[in-house]
Amino acid sequence: MTQESPTSETRRPDRAALVIAAIIAILAAVIVYSTATAHGGSATRIGPSAFPYAIAGCLFVLSIWTAFEAMRGDFPAREEQEIQPVIWVIGGLAAQMLLLHITGFSIATGLLFAATARGFGKGPLWMTIPIGIILSFIVWVIFAKGLQLSLPAGPLERLI
Amino acid sequence: MDSFTLLAHGFAVAMQPLNLLYALIGVTLGTAVGVLPGIGPALTVALLLPVTYKLDPGGSLIMFAGIYYGGMYGGSTTSILLNTPGESSSIVTALEGNKMARAGRGGPALATAAIGSFVAGLIATMALALIAPTIVKFALSFGPAEYFALMILAFMTVSAAFGDSTLRGLTALFLGLALGLVGIDLQTGQARLAFGIPDLLDGVEVTTLAVALFAIGETLSVAASHRYGEEKIEPVKGSVWMSREDWSRSWKPWLRGTFIGFPIGAMPAGGAEIGTFLSYSVEKQLAKKPEEFGHGAIEGVAGPEAANNASAAGTLVPLLTLGLPTSATAAIMLAGFQQFGLQPGPLLFANNPQIVWGLIASLLVANFMLLVLNLPLVGLWVRLLSIPRHWLYAGILVFATLGTIGANPSTFELGMLLAFGVLGYILRRFGYPIAPVVVGLILGPMAEQQLRRALAISQGDATVLVGSPIAVILLVLAVCAVVVPLIMRARGKGKVLSALAASED
């Protein structure tokens, strides 16, 4: 929060927030670079590059403002985080993404299901993976057969 | 034709057996998903969007209306029986409602929330039907400059006016605007920020972004902070029916909540929470037994719940009449319209009256269905609350990815989902609001189009943007929406604003 609090004198620069300021600045630079190197299309008075430049400009200002607040330690206090559950969930999503077209929807999504449950402390995997695959298979039948969504089929789905 | 004739035509559409079935499926799914802890209305709508992909536009939007209202009802059940700290949509309901449930009065709390939502939904939807044609008539005179000014105002109210930091609100908004640049420029056909990747030429999908930020971001943030161990469901003891005293204490808060909530939702002010907080403090002021507040006062459930639903209906006013989404939920609904090539706004009323009025009539029908579905069947919904967290979030991720795969089964799209999910986690971690990102993504390209159209008509003369009194007023309001909160925070009044924070739906 931005209002003055008694502890604001003692707060140190917030490094993570400084990193955010840098990322915002990089984002702005990417927009400027990408817009400047694009060609063609600006026959109208206000062409396709005006809006990107304006947004990039605002992002630069916001980046400086963020750095300023980071130096003053104005960002809200953050809770302690555990990194392991995050890795399980991200790993599950990555596995599903990579396997989707190889093993089909049910197996890939079953792995995502089990990995997420593992991230929330539920195991063992030899139990949660089959549960996940059976559940995903039911979902596949409902949505691919019932509602005609195009969900990738694999060996399991070709059985029916 | 006046509103009532049009509404009667709408009922003729809504009462067709197939459309009634769609509405019933919509409210049932909406309630079931909305009841799940950690899922607010915005995520409910985003998760259930794929269910409507293969229907015709009319049926799909009718189901959507049911999902929207159902999600609102479901959320209140959660906050009464489960004091969920992360759930933003009905924080105020949780204040008194959870206390009532703990005191063994969970039944009447659920009843006053459901009936209050019904009363508010009924009045607010009728008000929507009444004022929509007037606003449409007014909006038909709007040129690109007025639309641009209106969108700037919406940007500023959604991002900067409420919440605890102007900086973080604006940063979230500009992040959304930057994402909105990706893809082919609508007017010149030039690819922007696509980096030669064909998948990016179509731009960033609103539903992919919304699902990733809300579902995956929330899952990661809950998993990382171990917030899932401590929640306690309050059992519903005794009757769900309200006593005579409950009725006499509830009906005035319902009406007051409705009249507070609807105008706030209808103005481009973003978020439904402001109305609920206002209603809560009004009820506290007017209560005959103010000492009960904080210990389970029924007025503190009845008023805010009504305000919440009334402003949900109010949000539909700018969405349907102007095509202007003022909350994340409305932004996702706009994406739902766009998948059928329908652009909400004054022209939709002229060109597709049967769809618009069918939708409004369906909202009324859905409201009736929800009352029936929620009062006697509340025990069924309560059971959904007891799903263990690990299965719940595993299931949420299955359905979150299902929607994306169903819309576009590509590895690249899933990669974007994952990347935005991580972004959602980081935004939460550092206290950035989520809704401005989603609103910025969908409204940014629209604002750009209006700006360029205005300047093309004026042949590059920028003064056209302030050429009409309406545009000037809207822009002045937009500036105030940024500057006034900054001054208030500098003077140490930031607490009021962060209490009014328009959060995630």
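First, conventions. Residues are numbered from 1 along each chain as its sequence is written, and chains are lettered from A, with ligands numbered from 1, in the order in which they are written. Because the model is predicted, local features need pLDDT of at least 70 and side-chain atom pairs count only at pLDDT 80 or more, while totals for chains, interfaces and linings use all residues.

Chain B has 21 helices and two strands; these are DSSP runs numbered from the N terminus, helices being H or I with at least four residues and strands E with at least two. The C-alpha atoms fill a box of roughly 70 × 55 × 50 Å along the principal axes.

Of the 505 residues in chain B, 63% are buried. Buried means 20 or more other C-beta atoms within 10 Å of a residue's own, exposed means 12 or fewer, and partly exposed is in between, with C-beta atoms placed from the backbone.

Next, the interface. In chain B, 59 residues are in contact with 63 residues of chain A, a contact being two C-beta atoms, placed from the backbone, within 7 Å. On the chain B side, α17(B) gives the most, with eleven residues. By class, this side has 29 nonpolar, 21 polar and nine charged residues. Nonpolar covers Ala, Val, Leu, Ile, Met, Phe, Trp, Tyr, Cys and Pro; charged covers Asp, Glu, Lys and Arg; the others, Gly among them, are polar.

Now one helix pair. The axes of α2 (residues 17-35) and α15 (residues 353-374) of chain B come within 9 Å and cross at roughly 55°. Axes are lines fitted to C-alpha atoms, for helices over the stretch in contact, and angles run from 0 to 180 degrees between N-to-C directions. The residues of this contact divide into nine nonpolar, six polar and no charged. Those from α2(B) include B:Leu20 and B:Val27, and those from α15(B) include B:Val365 and B:Met369.

Last, where is B:Val466? B:Val466 is in the loop between α19 (435-457) and α20 (469-490) of chain B. B:Val466 counts as partly exposed because it has 13 C-beta neighbours inside 10 Å. Beyond four places in sequence, B:Val466 is in contact with B:Ala471, B:Val472 and B:Leu475.
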